Amino acid sequence: VDLDTPLIHYVPDFRMAEGRYEQITLRMLLSHSSGLPGSEYRNGSTFFPVAGHVNQILTALAGQRLKHAPGEMAVYCNDGFSLIELLVKATTRSSYTDFVSREILAPLGMTRSCFGIEALVPGSYAATLNANGEPNPQEYLNILATGGVYTTPSEMGRLAMLLLNGGRLGELGLLSPKA
């Protein structure tokens, strides 16, 4: 993919209430400079998995206008990252979770990392507690490309080392130095 190509080139279903959205590039989505109006959090965190949260975002954006011209300024916006799910599906014909698991987590040996789309094994995560000190049910982060990965500190360290070492972890090269 080309980071300076508009998203609609890859995801023609992306629409907004005004035409400037057609200028939003992948780089703008990833750098929070797209002008998108905010973050769609409804159903983003639930006590049961909600598939297709990104489609909820698409529907909401179709009736909204940009906050500012694409590329004009940077304003934090998770929806830009969420839309990357659609890019991955359009360019790889694979779901975002399958792609990340196959192309990033598995090669890095991140065997305990996963997306919260299924129940986690009891005892494999730290439960939050309610006011009575009892464990709350597992939370599901349905905002997959916006932080929906469950991982351990040591496995997150493997990803950090890859990023800090020009896309390499030991002999494994997943990214070019430019990426």
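A salt bridge is here a side-chain nitrogen of Lys or Arg within 4 Å of a carboxyl oxygen of Asp or Glu. The structure is a predicted model, and a search of the whole of it finds four salt bridges. The legends below describe several close-up views.

**View 1. A salt bridge between R27 and D4 links distant parts of the chain.** The closest N and O atoms of R27 and D4 are 2.7 Å apart. R27 belongs to helix α2, which spans residues 26-30, whereas D4 lies in the segment before α1 (7-10), and the two residues are 23 residues apart. R27 is partly exposed, with a relative accessible area of 42%, and D4, with a relative accessible area of 45%, is partly exposed as well.

**View 2. The side chains of R42 and E40 meet in a salt bridge.** The N-to-O distance in this pair is 2.5 Å. R42 has a relative accessibility of 53% and counts as exposed, while E40, at 12% relative accessibility, counts as buried. The two classes follow because buried means under 20% relative accessible area and exposed means over 50%.

**View 3. R102 and E103 are joined by a salt bridge.** The closest N and O atoms of E103 and R102 lie 3.0 Å apart. E103 counts as partly exposed at 34% relative accessibility, and R102 counts as partly exposed at 43%.

**View 4. V1, L3 and L30 make a nonpolar surface patch.** The area of this patch is about 250 Å². L30 is placed in helix α2, and with a relative accessibility of 35% L30 counts as partly exposed. Patches are made of residues with over 30% relative accessible area and no salt bridge, so L30, at 35%, passes the accessibility cut-off.

**View 5. Helices α3 and α4 cross in a left-handed arrangement.** Helix α3 comprises residues 53-62 and helix α4 comprises residues 78-92; their axes come within 9 Å and cross at roughly 115 degrees. On the α3 side, the contact is made by V54, N55, I57, L58 and L61, and on the α4 side, the contributing residues are D79, S82, L83, E85 and L86.

**View 6. S31 and G71 are 40 residues apart along the chain, with their C-alpha atoms separated by 9.1 Å.** S31 lies in the loop between helix α2 and strand β1, the latter formed by residues 45-46. At 36% relative accessibility, S31 counts as partly exposed.

View 7. P37 is partly exposed, with a relative accessible area of 24%. The C-alpha atoms of P37 and C77 are separated by 7.7 Å, although these residues are 40 residues apart along the chain.

Note on methods. Residues numbered from 1 in each chain as written. Predicted model: local features only at pLDDT ≥ 70, side-chain atom pairs only at ≥ 80, totals over all residues. Heavy atoms only, no water. Helix = DSSP H or I, 4+ residues; strand = E, 2+ residues; numbered from the N terminus. Buried < 20%, exposed > 50% of the residue type's maximum accessible area, 1.4 Å probe, protein only. Patch = residues over 30% accessible without salt bridge, like charges linked within 9 Å, V, L, I, M, F, W, Y side chains within 5 Å. Areas by Shrake-Rupley, 256 points an atom, 1.4 Å probe, with all protein chains shown as cover. Axes fitted to C-alpha atoms, helices over the stretch in contact; angles between N-to-C directions. Left-handed = near helix turned anticlockwise from the far one by under 90°. Contact = heavy atoms within 4.5 Å.
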